[in-house]
Amino acid sequence: MGLYETTKIVPVSLSDLTPVANDVLDYFRAQEYDVNGEGTPTRGWHISISKGGIFKAVLGMKTALNIEIEPTRTGTSLKAGIGIFGMQAIPTVIALFVAWPVLLTQIWGLVKNADLDEEAINCAEKSLLSQATHHSASKAQVDPSQTFCTNCGHRLQSGDKFCPQCGTRR
Amino acid sequence: MSKPWFDPETGILLLDEYVSGTDSFQRIMKDGTVSDQEIMEQSHKVVSLLKELESRLSPEEKLLVTDALCELSVLYVLERHRTH
């Protein structure tokens with residue numbers, strides 16, 4: 001897990017993550033967030049949400065909580081971290097700004113205080129599980145007997161209390 | 001004119017907003033290129049401001065500003081080191 005990023009691996013694989021992305025976009029749009037979503041070349045989705053009070057413009061560019069929904073070998077990876085609205089990478093002019101680390105820490109603090117990162121991850125996970133249930137016969141593969149680490153996605157054995165890969169408690 | 005360093009409501013640093021308003025930053029953003037001449041001019045401007053600041057501050061204030069500048073620089077280096 002990154003310093004300014006919340007991540008989770010959900011052991012659900014969907015052939016199309018668009019309905020999940022739409023659920024996340026609708027959820028935050030209903031709360032009057034500015035939202036932006038676009039598909040990635042790896043069949044995932046990149047979503048930005050932003051609203052005054054938590055996010056601010058830095059050097060004229062609007063900051064946001066950027067949510068990545070990506071298919072992985074063991075399921076679906078969900079990440080939520082600070083970025084620039086509608087952009088998948090931090091522009092160089094921001095990344096090289098001497099006060100950017102201070103601003104990043106402060107904005108991330110506001111996000112954590114509001115539990116916005118957890119809210120975004122939970123929303124995406126709930127949608128993933130719902131979509132998997134609805135399409136279990138044809139489009140999704142969910143194996144409830146398989147357990148994976150919620151931090152790194154490593155497959156766990158039935159007796160594992162901690163992930164042998166990263167040490168996260170089961 | 002007073003320039004608060006932090007937003008009174010959110011506590012977030014406002015330095016970037018003052019940077020956005022400087023002529024030198026706007027000029028660089030406008031043409032997207034940085035010339036050797038611009039680097040030299042900006043460097044001279046920073047040195048000139050630091051010298052003026054040094055002459056005006058009391059010893060206690062100077063110590064505080066020195067610490068702030070150094071710690072900001074340390075944080076920047078740490079963050080860059082972690083990113084790359």
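Visitor: In which helix do Arg56(B) and Glu52(B) both lie?
Guide: This is a predicted model, in which local features need pLDDT of at least 70, side-chain atom pairs count only at pLDDT 80 or more, and totals for chains, interfaces and linings use all residues. Residues are numbered from 1 along each chain as written, chains are lettered from A and ligands numbered from 1 in the order written, and side-chain values use heavy atoms, without hydrogens and water. Helices (H or I, at least four residues) and strands (E, at least two) are DSSP runs numbered from the N terminus. Arg56(B) and Glu52(B) are 4 residues apart, about one turn of the helix, and both belong to helix α3 of chain B.

Visitor: Why can residues three or four places apart in an α-helix point the same way?
Guide: The answer rests on the geometry of the helix. Residues at that spacing point the same way because an α-helix has 3.6 residues a turn.

Visitor: What joins the side chains of Arg56(B) and Glu52(B), and at what N to O distance?
Guide: A salt bridge is a side-chain nitrogen of Lys or Arg within 4 Å of a carboxyl oxygen of Asp or Glu. The side chains of Arg56(B) and Glu52(B) meet in such a salt bridge, with an N to O distance of 2.4 Å.

Visitor: Is Arg56(B) buried or exposed?
Guide: Buried means under 20% relative accessible area, exposed over 50%, and partly exposed in between (1.4 Å probe, protein chains only). Glu52(B), with 35%, is partly exposed. Arg56(B) has a relative accessible area of 64%, and therefore counts as exposed.

Visitor: Which helices does the salt bridge between Arg27(B) and Glu41(B) link?
Guide: The side chains of Arg27(B) and Glu41(B) meet at 3.9 Å, N to O. These residues are 14 apart and belong to distant parts of the chain. Arg27(B) is partly exposed at 39% relative accessible area. The helices are α2 (residues 23-31) and α3 (residues 36-56) of chain B.

Visitor: How many salt bridges does the structure hold over all chains?
Guide: Between chain A and chain B the count is 2. One salt bridge joins Lys56(A) to Glu17(B) at 3.6 Å, N to O, and a network of salt bridges links Lys56(A), Asp16(B) and Glu17(B). Over all chains, the number of salt bridges is 10.

Visitor: What is the area buried between chain A and chain B?
Guide: Contact means heavy atoms within 4.5 Å, and 22 residues of chain A are in contact with 18 residues of chain B. Buried area is the accessible area (1.4 Å probe) that two parts lose on being put together, summed over both. Carbon and sulfur atoms give 71% of this area, which is about 1700 Å².

Visitor: Which residues of α4(B) are buried?
Guide: Helix α4 (residues 59-83) of chain B has 25 residues and reaches 36 Å from its first C-alpha to its last. What covers its buried residues includes α2 (92-95) and α3 (100-113) of chain A. The buried residues of α4(B) are Tyr76(B), Glu79(B) and Arg80(B).

Visitor: Which residue of chain B is in contact with Ile107(A)?
Guide: Ile107(A) is found in helix α3 of chain A, and at 0% relative accessibility it counts as buried. Leaving aside neighbours within four places in sequence, its contacts include Ile54(A), Phe55(A) and Lys56(A). From chain B, the residue in contact with Ile107(A) is Ile12(B).

Visitor: How far is the backbone oxygen of Val12(A) from a polar atom of the side chain of Thr76(A)?
Guide: Thr76(A) is found in strand β7 (residues 75-84) of chain A. At 0% relative accessibility, Thr76(A) counts as buried. The distance from the backbone oxygen of Val12(A) to that side-chain polar atom of Thr76(A) is 2.6 Å.

Note on methods. Expected span 1.5 Å × (residues − 1). Polar contact = N/O pair within 3.5 Å; in protein donor to acceptor, adjacent residues only side chain to side chain.
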